[in-house]
Amino acid sequence: MKHRGLVGLVTTLAAGLLVGCSNSGSGSSDTTKDVTLSFASWDPDQAKGLKKIIAKFEDDNPHIKVKMETTPWDQYWTKMEAATTGGNMPDIVTMHSNESYKYMSNGMLQPLEDMAKKGDFDFDNYSKDVAQLYTYKNKHYAIPKDVTTIGVWYNKTLFKQAGVPEPDGSWTWAEFEATAKKLTDPAKGVYGFAVTSDPETGYYNWIYQNGGKIFDMTEKKSHFNDPKTVEALQFYADLALKDKVSPNAEVLQETDQMSLLQSGKVAMITHGNWMASAMAANSYTAKNIDVAALPKGKKQATVTNGLAWAMSSKTKHPKEAEKFLKFLASKQANQMQSDLGISIPAYNGLGQGWVDKFKGTFANVDAFVDGLDYGVLRPFSANTIKSETLANTEVGKLISGKETATKAADTVAKGIDETLANQ
Amino acid sequence: MEKIRRTKYKKDQVFWGYLFMLPTVAGLIILNIKPAIDTIIMSFSRSTGFGNMTFAGWANYQKLFADKEVWQSLLNTILYSVVSVPLIVVFSMLAAVLMNQKIKGLTLYRTLYILPVVAAPTAVAMIWKWLFNSQFGLINQLLAKVGIGPVNWLADPNTAIYTVIIVGVWSAIGYNMILLIAGLQEIPADYYESAELDGAGPVRQFFTITLPLVSPTLFFVVVTTIINAFQVFDSIFMMIKSSTDAMYKTQSLAYLFYKYSFILNDKGYGSAIVVVLLVVILIITAIQLKLQKKWVHY
């Protein structure tokens, strides 16, 4: 016990020395010297494709090496914050709208207006919605990377077994409900749908389809108790509580909806287009799964969101980092993102490559790109995570029947207003 | 006395003494004491991210005392400790006494008991999570064979905390058993021999010889087990889904600290929670140090 402190300290000192040595070699930003950029991302399904984009960049710029580190989503932001606080933020980072406000408002990201002025890229080329997510006080802080939409992933085989025609994407809430009922067979333990407390892939979509509102950056006020929002939440929860077309909330807490779809226990789930690579890589899902557009409520809607690439404001190699960011922003790199099936690029009009990549596996995969036309941006505020965590907790109570829709919505609205007022 | 000691140690010896202490002291200050002080300072601030803070006075503590979630977590933590600590102490003692006998395959048994200590806690929690799964888990399959209907081990708000306790007890026995075996082996065998001559049975021997003589070790085990129980985090984090009712009724103060500091990015409030936890542990440990005179025989 006594020695542990000593050994720990010696190890720390030794490690410190080693790190010190390796850093001193790459401290300059001279373009003729070899430079290694660090690049952070979280999605292992995208990593393979991103490596190809990096390889292309390294071929064109032999003196720059890009070291990509893929950290799982659950640890990505904890790690990123620790690294940033300690002054070791990676040179180029993948950003998400949940966290971007904090990084932008604390000056951790490099504003990109100068690069745009130089003509390195033009923000008009990218999805306006996504670009807006990464704008703070009228300055852009990140290059939109991709756009995402939500659709219904369904099990063709279960549809066939139940004798139900496959959806063509033109369905309404009522038709969806009826389909889910026909697919449900409690005796076999098969359910038509999975009602979850996930926001982006779950209840947000139903709220938007009903014309409801969630919260808004510009207003400092939540609309979670808007009657249309409450109505949508009620319908969504009733799928589980009244129609009983979903496994109960407790089952879904232990086993996520994707596993239930993959094991043939649930016939339909709502999930993002970013699942395509994983679905295509799994031989069961590749064979049995297809996609349809989300059902229409009062209107057609899906949540859209988008990731972005940003540059640390404290990078030791600003010139090289700019070069890499410029390449990531280019039409060429976005075309590669699309063709390699990494994601639907945020660069306007390049979605076809992504569709072609998955068309052979999922016949209706176009539904995701079509969704961009009627997509509504994921709600975003100065503290998205706090608002969303509260909403998830209350919706969780609602779908397990422990809370009414009105009461849950009121609690969320009150909590979000407090959070926004304190910013 | 003082004067003699002063002259006994020469100046350069004192220098070397301090030099040898330096690594440990520096480690303690850098890794333990400074962060602790920083945390207390942080609990009086509102954080805006990346270590930037503004002074907030007592705001975090005012919010904390009115926060139902904090009280529920304190209650969960106390429930966890009250149930798990006696179980851990009794089972560790039992295991230690059994492992201290001369039986066949002793090394094998000891290895089996120590395995949970060697395995990484997160990996252990993952495997228990599979075992406890209400649909596909092995435990429910076995229970179904004897006619006990599916138990919602991880998602039922009233059950989940006991599931976490089971895992906590299981993983703590091995380590405490080792400590207690070491304590048991210090007891001279002659005591037992003379007790046997005087006609004391094994039960009498245990309560009049073993227990009093192992009490210093047992005291250490009790104190550290209680502290560990109050700091329970990893099994809850790994096994229970966040933002659910089950989590609300299971989360410990340590988990709540993690939630506020690292998920919700409210480091000031998170620090205030952990300061409360520190005060609770301090009080309990102080009480135990007072009580030890009553039952610990040095």
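These legends describe close-up views of a predicted model.

**View 1. The open sheet of chain A.** Four strands build this sheet. Their order is β9-β12-β8-β13 (chain A), and the pairing is mixed. The edge positions belong to β9 (191-193) and β13 (289-292) of chain A. Each edge strand has a single partner, so one side of each is left without a neighbour in the sheet. On average, neighbouring strands are turned by 30 degrees against each other, direction ignored.

**View 2. The pairing of β9 and β12 in chain A.** β9(A) runs parallel to β12(A), which covers residues 266-272. Two bridges join this pair. Within the view, Phe193(A) stands opposite Met268(A), a residue of β12(A).

**View 3. Helix α9 on the sheet.** Helix α9 of chain A spans residues 199-209 and packs on the sheet. Its contacts are with β8 (150-155) and β12 of chain A. The direction of α9(A) makes about 90 degrees with that of β12(A).

**View 4. The contact between chains A and B.** Chain A brings 27 residues to this contact, and chain B brings 26 residues. On the side of chain A that touches chain B, four helices each supply at least two residues: α1 (2-24), α3 (73-85), α11 (249-254) and α19 (384-399). Which helix gives the most to this side? That is α19(A), with seven residues.

**View 5. Residue classes on the side of chain A that touches chain B.** Here 14 residues are polar. Seven are charged, and six are nonpolar.

Technical notes
Residues are numbered from 1 along each chain as its sequence is written. Chains are lettered from A and ligands numbered from 1 in the order in which they are written. This is a predicted model: local features need pLDDT of at least 70, side-chain atom pairs count only at pLDDT 80 or more; totals for chains, interfaces and linings use all residues. Two strands pair if DSSP finds at least two bridges between them. Axes are lines fitted to C-alpha atoms, for helices over the stretch in contact, and angles run from 0 to 180 degrees between N-to-C directions. Two residues are in contact if their C-beta atoms, placed from the backbone, lie within 7 Å. Ala, Val, Leu, Ile, Met, Phe, Trp, Tyr, Cys and Pro count as nonpolar, Asp, Glu, Lys and Arg as charged, and the others, Gly among them, as polar.
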